[in-house]
Amino acid sequence: GLIRLAGVSRLPIPDFSLGPGQIRPSTAEDALKSAPNSDEDVVASLDRHLIALDLLNRCRNRELGILVLRMLAKSEGHNTEKLPRNIIMRLAGEYNSQVTAPTSEAALANYLYRELTYQVFQEFKFQLDTAD
């Protein structure tokens, strides 16, 4: 609601976490810019409002989440095509800002978030590999 209202009113899009991957529009924008196949014209025309709407779409949110993981892995010098489970789990935990959880509920939520991130990454990678 708030994102659509801001878009219609042409107000600035709030930069808070959206969708299942809890990704900020600014982070998604950075990931889109750092993607290996980024078209310069597309990057130049990125609209924060459209990115925010993409983040509200479950499928697009997952795709952007994969780009965020690859961006984070690339910044650490990892091969972004073959990310092992331990790297994906660590990056997801760091992105989720709960590497050290203060309560057992938070620790469980963080573990489930990292596990889900890994499973989504594997599924999306499989889909890309079979599309070729």
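1. Thr80 is located in the loop that connects helix H5 (58-75) and helix H6 (85-95). The model under discussion is a predicted one, and the remarks below should be read accordingly. Although Thr80 belongs to a loop, its relative accessible area is 17%, and the residue therefore counts as buried, the cut-off being under 20%.

2. The surroundings of Thr80 deserve attention. Leaving aside residues up to four places away in sequence, Thr80 touches Arg70, Ala73, Lys74 and Phe121. A further reference point is Leu69, eleven residues from Thr80 along the chain, with 8.4 Å between the two C-alpha atoms.

3. As regards the overall fold, the protein has seven helices and zero strands. Its pattern along the sequence is α-α-α-α-α-α-α. Of contacts between residues at least 6 apart in sequence, 55% join residues at least 24 apart.

4. Burial and surface may be taken together. The protein has 132 residues, and 33% of them count as buried. Its accessible surface comes to about 8,200 Å², with 55% belonging to carbon and sulfur atoms.

5. Which residues of helix H4 (residues 48-56) are buried? They are His49, Ile51, Ala52 and Leu55. Viewed down the axis of H4, the buried residues fall within an arc of 160°, so they line one face of the helix.

6. Gln22 lies in the loop between helix H1 (2-9) and helix H2 (25-34). Its phi is positive, at about 50°, although Gln22 is not a glycine. Most residues other than glycine have a negative phi. With 38% relative accessibility, Gln22 counts as partly exposed, whereas Thr80, also a loop residue, is buried.

7. The second largest pocket holds about 330 Å³ of space. It is lined by 17 residues, of which Pro20, Gly21, Asn61, Thr117 and Val120 are the closest to its centre. The elements giving two or more residues to this lining are H5, H6 and helix H7 (104-131). Which element gives the most to the lining of the second largest pocket? That element is H5, with seven residues.

Definitions and conventions. Residues are numbered from 1 along each chain as its sequence is written. This is a predicted model: local features need pLDDT of at least 70, side-chain atom pairs count only at pLDDT 80 or more; totals for chains, interfaces and linings use all residues. Side-chain values use heavy atoms; hydrogens and water are left out. Helices (H or I, at least four residues) and strands (E, at least two) are DSSP runs, numbered from the N terminus. Buried means under 20% relative accessible area, exposed over 50%, partly exposed in between (1.4 Å probe, protein chains only). Contact means heavy atoms within 4.5 Å. Accessible areas come from the Shrake-Rupley method with a 1.4 Å probe; for residues, only the protein chains shown count as cover. The arc is that of the directions from the helix axis to the C-beta atoms. On a 1 Å grid over the protein atoms alone, a cavity is a set of points where a 1.4 Å probe fits but cannot get out, and a pocket is an open set with protein on both sides within 12 Å along at least five of seven lines; lining residues have an atom within 4 Å of a point. Grid points are joined across faces, edges and corners, and a volume is the space filled by probe spheres set on the points.
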